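Me: Could you help me see how the labels for a structure follow from the values? I would like to take them one at a time.

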Amino acid sequence: QVQLVESGGGLVQAGGSLRLDCGVSGSIFSINTMSWYRQAPGKSRELVATIGISGGNMDYADSVKGRFTIARDKDKGVVFLEMNNLKPEDTAVYYCNLKGFLGRYQPTEYWGPGTQVTVSS
């Protein structure tokens, strides 16, 4: 069973920075992409950033371009989201997401439990 474990959320003042890490445990046939989503109170979940498992093909929501960076930390074995110049509107629960395959023709998707990010003004 694959599990995603997130860490790094917390409370920060506007203009500050946070780094979110997502680790993967368990076995899986292959991973296509890993992503960060977020959900603010009263809003639907939205894609923040995604990265191909080879470490390339990054994509970002327009609202975070130039402020957030998604990358792989091979030494720690995690995918992280570096968030700079945080704004109050970045306040949300952030979820790690994995899309891959359990077998050659068995696509699958996993979610982490979420980590709270709160940005005070």
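Me: Why is Tyr95 called buried?

Reply: In this predicted model, Tyr95 has a relative accessible area of 14%. Buried means under 20%, so Tyr95 is buried.

Me: And what makes Trp111 count as partly exposed?

Reply: Its relative accessibility is 35%.

Me: How many aromatic pairs does the structure hold?

Reply: There are 2. In one of them, the ring centres of Tyr95 and Trp111 are 6.5 Å apart.

Me: Why is the pair of Tyr95 and Trp111 called edge-to-face?

Reply: Good one! The ring planes stand at 85 degrees. An angle over 60 counts as edge-to-face, so that is the name for this pair. Tyr95 sits in strand β9 and Trp111 in strand β10 (residues 106-111), and the pair links distant parts of the chain, 16 residues apart. Ring pairs also join Tyr37 with Tyr95 and Trp111 into a cluster.

Me: How do you know whether Asn97 is buried or exposed?

Reply: Asn97, in strand β9 (residues 92-103), has 0% relative accessibility. That is under the 20% cut-off, so Asn97 counts as buried. Leaving aside neighbours within four places in sequence, Asn97 is in contact with residues including Tyr37 and Trp111.

Me: What makes the link between the side chains of Asn97 and Lys99 a polar contact?

Reply: The distance is 2.9 Å, and the limit for a pair of N or O atoms is within 3.5 Å. The two side chains therefore make a polar contact.

Note on methods:
Residues numbered from 1 in each chain as written. Predicted model: local features only at pLDDT ≥ 70, side-chain atom pairs only at ≥ 80, totals over all residues. Heavy atoms only, no water. Helix = DSSP H or I, 4+ residues; strand = E, 2+ residues; numbered from the N terminus. Buried < 20%, exposed > 50% of the residue type's maximum accessible area, 1.4 Å probe, protein only. Polar contact = N/O pair within 3.5 Å; in protein donor to acceptor, adjacent residues only side chain to side chain. Contact = heavy atoms within 4.5 Å. Phe/Tyr/Trp six-rings, centres within 6.5 Å; stacked < 30°, edge-to-face > 60°.
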